[in-house]
Amino acid sequence: MFGSRRKRIRRQAPAAEFPAAWRARLAVRWPTWSTLTDDEQARLEDLILAFIVNTRWESAKGFVMTDEVQLVIAAQACLLVLELDIDMYRRVDSIIVHPRTVVLHGERYVGSGMVADGPHAIAGQAHHHAGPILISWSTAAFEARHTRSASNVVYHELAHKIDMLDGVVDGTPPIADPAQRARWIEVCTAEYERLCHGRASVLRDYAATDAGEFFAVATEQFFTQPVALRDGNTDLYEVLMAFYRQDPAARALPAR
Ligand SMILES: [Zn+2]
């Protein structure tokens, strides 16, 4: 994808001004906001405005969409691409917000060649290509405010969208530099295999489902509990830091 000249799909001009009241709302709804520098906040504001206007927002199950819902989801989504390019979200077309977790039925792959049956609740889902992202607002709102669990459905689903950019969900996002890509694969494979063999990991067990889930869960940990990740697996922290071009452990992230 790096060599191609894809037509940008994000053409809509965002609103010129980031509403002052939104900053106060973000500080309450998403405490990570307050850990960002003035420069980071200013650039994130521009991304948020562009993301909101270029995303089709849909409600499901009677959910009432508000500016605040879009703001809180967009802010977290845009943090991932703060030092990258908003064009990485060119296939983020629509976000469908449900009031609560969604119960799915039927068989699902749970890793290690195993398939489970029966209903199961999900907090989010990212579909391939320009397919929609599904988000449970009850989960997203809680996780925006509380980082202790190291879970964040918005980071998770948007990481899947980044992973999908090269056409395959293989846990390796687009990395142009061959050496950086090789290091990424080496470090992530080692930690993934640790998880698959049931050994202690800084990542939660769900990361062992497959390589795609590994990247999504690692991204959640990187942005919610970066100090724990850095201390638990410095190599993994460093390849994520090199990819996202951010050092979240250096921010005084509140653990709530
Ligand atoms: Zn996932």
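This is a predicted model: local features need pLDDT of at least 70, side-chain atom pairs count only at pLDDT 80 or more; totals for chains, interfaces and linings use all residues.
The zinc ion is coordinated by the NE2 atoms of His-156 and His-160 and by two OE contacts from Glu-213, at 2.0 to 2.6 Å. The angles subtended by these four donor atoms run from 54 to 144°, which makes the arrangement irregular.

Along the chain, the donor residues follow the spacing H-x3-H-x52-E. His-160 belongs to helix H5 (residues 153-163), whereas Glu-213 belongs to helix H7 (residues 211-224), so this pair ties together parts that are 53 residues apart in sequence. Both His-160 and Glu-213 are buried.

Helix H6 (residues 178-196) comes next. Its 19 residues, at 1.5 Å a residue, should span 27 Å, and the C-alpha atoms at its ends are 26 Å apart, which agrees. The buried residues of H6 are Trp-184, Val-187, Cys-188, Glu-191 and Leu-195. These residues cover an arc of only 90° around the axis, which puts them on the same side of H6. Just after H6, Gly-198 adopts a positive phi of about 75°.

The largest nonpolar core contains 70 residues, of which Trp-30, Ile-48, Tyr-89 and Tyr-244 touch the most other members. Helix H3 (residues 67-80) gives the most to this core, with 10 residues. Leu-71 is located in helix H3. Its relative accessibility is 0%, and a residue counts as buried under 20%, so Leu-71 is buried. Apart from neighbours within four places in sequence, Leu-71 is in contact with Phe-18, Trp-22, Arg-25, Leu-26, Ile-48 and Ile-52. One of these partners, Ile-48, is among the core residues that touch the most other members. The C-alpha atoms of Leu-71 and Phe-51 are separated by 9.4 Å, the two residues being 20 residues apart along the chain.

A buried position also occurs in a loop. Thr-55 lies between helix H2 (38-54) and strand S1, and with 7% relative accessibility Thr-55 counts as buried. Leaving aside neighbours within four places in sequence, Thr-55 is in contact with Asp-93, Ser-94 and Ile-95. Between the C-alpha atoms of Thr-55 and Pro-132, which are 77 residues apart along the chain, the separation is 9.9 Å.

Two further positions concern the backbone. Lys-61 has a positive phi of about 55° although it is not a glycine. This residue is in the loop between strand S1 (56-59) and H3, and its relative accessibility of 70% makes Lys-61 count as exposed. Arg-245, likewise not a glycine, has a positive phi of about 60°. Arg-245 is found in the segment after H9, and Arg-245 is exposed, with a relative accessible area of 58%.

Key. Residues are numbered from 1 along each chain as its sequence is written. Side-chain values use heavy atoms; hydrogens and water are left out. Donors are N, O and S atoms within 2.8 Å of the metal (3.2 Å for Na, K and Ca); water is not among the atoms, so sites may look incomplete. Four donors count as tetrahedral if all angles lie between 85 and 135 degrees; four count as square planar and six as octahedral if opposite donors are over 155 degrees apart and all others between 65 and 115; anything else is irregular. Helices (H or I, at least four residues) and strands (E, at least two) are DSSP runs, numbered from the N terminus. Buried means under 20% relative accessible area, exposed over 50%, partly exposed in between (1.4 Å probe, protein chains only). The expected span of a helix is 1.5 Å times one less than its number of residues. The arc is that of the directions from the helix axis to the C-beta atoms. A nonpolar core is a set of buried Ala, Val, Leu, Ile, Met, Phe, Trp, Tyr and Cys residues joined through side-chain atoms within 4.5 Å. Contact means heavy atoms within 4.5 Å.
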